[in-house]
Amino acid sequence: MGSWRNARLVERAELTTTGRSLHFDVPHWPGHLAGQHVDVRLSADDGYQAVRSYSLAAPSKGTRIELGVQAAAGGEVSPYLAGDLPVGAEVEVKGPLGGWFVWRPEQEDPVLLVAGGCGIAPLMAMVRDHRDHSTAPMHLVYSVRDPAQVWYREELGAAQGLGTTVHLVHTRQAPPGSSRPPGRVGAHDLPPPAAAGAETLCFVCGPTGFVEHAAGLLVDAGHAPGRIRTERFG
Amino acid sequence: MDNFSPGFHGRTNRFEGRLPPGQYPTESFPVLSAGPTPKVLTETWDFGITTETGQRHYWDWDRMMALPQEDLTVDIHCVTRWSKFDTSWRGVSLDAFLEDVETSADFALVHSEGGYTTNLPLEDLTDGKAWLVHTFDGYDLSPEHGGPVRLLVPQHYLWKSAKWVKGISLTPQNEPGFWESVGYHDYGDPWREQRTWSD
């Protein structure tokens, strides 16, 4: 966990107009759990360094790691990673980090994932890990501004058939023919806590306002606060 | 290194000498919590200090507000790398709470509503180094920032400044708290970049 490792960009894929998947090769990567993150360090020619945290968007697989990066307007690091870092060039990474906002596929309790915008990234690692290694009930509620903001659209469509129930919530603009009018996540968008005996484990990730709102809905719906794990950004 | 983050240009550092290594300044006030925000009412809030002999000292809201109030302006540093300068708070020094507490304990385990804990050497809570604060920037401390009352220990990374604080146990032995048990550094000094177990 302690040292910085060189990470070579091997692939960059477009998720949305501002969202990118970055795939790095990290020699001797020790592996990680779904939900963990890494610190990414950039170095300028004059020695200046900048470090930011990014969620690991895929489960551990050899020396490859995948990050989800949303280019923030005026940002110091994210626009560079999303647009400028050449494929084949290197950054440094430290990790995996975080031992709380994690899901292990051997856990059998039902799982409720609630994502706001690019908060989908660490939850996507859980969806993918679940697809390959678990039969526990998993439900994803994914809030986006409009249909063009959905990350991993095709894969989430396929996940639907592979055991994760996916519910998209559009806050500003719903797709044509949608029966749900646009609006922020409400109590009716969330599945109720499972029957006694199988306590749902909830993971909520997104901007602060979203997480405050969504975690509040979960508590009000009867989920135990100790079973709701949150990660916020912005 | 030609192949190393080529074309990355840093920003000018306007806070030389006040920005610990690896931090960046922010004007906003990000929120980080492990779970949902607890709803704590001042009417039912209380704060307890328990010594190593089991002796308990309690303050409710009115007793806390009757203690000497201090205004302070400090820089705060979050382990997730943001730093915020000149934040202004109002609250009560831990020295005021500890004045009549007899203890020879060396460590403190801080308890929060919702089960969160964090540990500190007791000497880092005394001599004007720590406060219970209830006001930020002239307004009641908001729930997502730990309101109605949080601990503030600005010399450490901010996870030590427990939100929704409800008690402190004084102990002869050091006991790791919530984040300290899952990978964060036991002490958490921003100037020495003590972020994780391996730092």
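What follows is a short chat about a predicted model.

Trainee: What should I know before I start?
Mentor: This is a predicted model, where local features need pLDDT of at least 70, side-chain atom pairs count only at pLDDT 80 or more, and totals for chains, interfaces and linings use all residues. Residues are numbered from 1 along each chain as its sequence is written, chains are lettered from A and ligands numbered from 1 in the order in which they are written, and side-chain values use heavy atoms, with hydrogens and water left out.

Trainee: In what order do the strands of the open sheet in chain A run?
Mentor: The open sheet has 6 strands in the order β4-β3-β6-β1-β2-β5, with antiparallel pairing; strands (E, at least two residues) are DSSP runs, numbered from the N terminus, and two of them pair if DSSP finds at least two bridges between them.

Trainee: And which strands stand at the edges?
Mentor: In chain A these are β4 (49-55) and β5 (64-70), each with a single partner strand, so one side of each is left without a neighbour in the sheet.

Trainee: How many bridges join β1 and β6 of chain A?
Mentor: Strand β1 (residues 5-14) and strand β6 (residues 90-97) pair in the antiparallel sense over 4 bridges, and A:Arg8 has A:Glu90 in β6(A) as its bridge partner.

Trainee: Is A:Tyr152 buried or exposed?
Mentor: A:Tyr152 is buried, with a relative accessible area of 7%, where buried means under 20% (1.4 Å probe, protein chains only); although not a glycine, A:Tyr152 has a positive phi of about 55 degrees.

Key: Buried means under 20% relative accessible area, exposed over 50%, partly exposed in between (1.4 Å probe, protein chains only).
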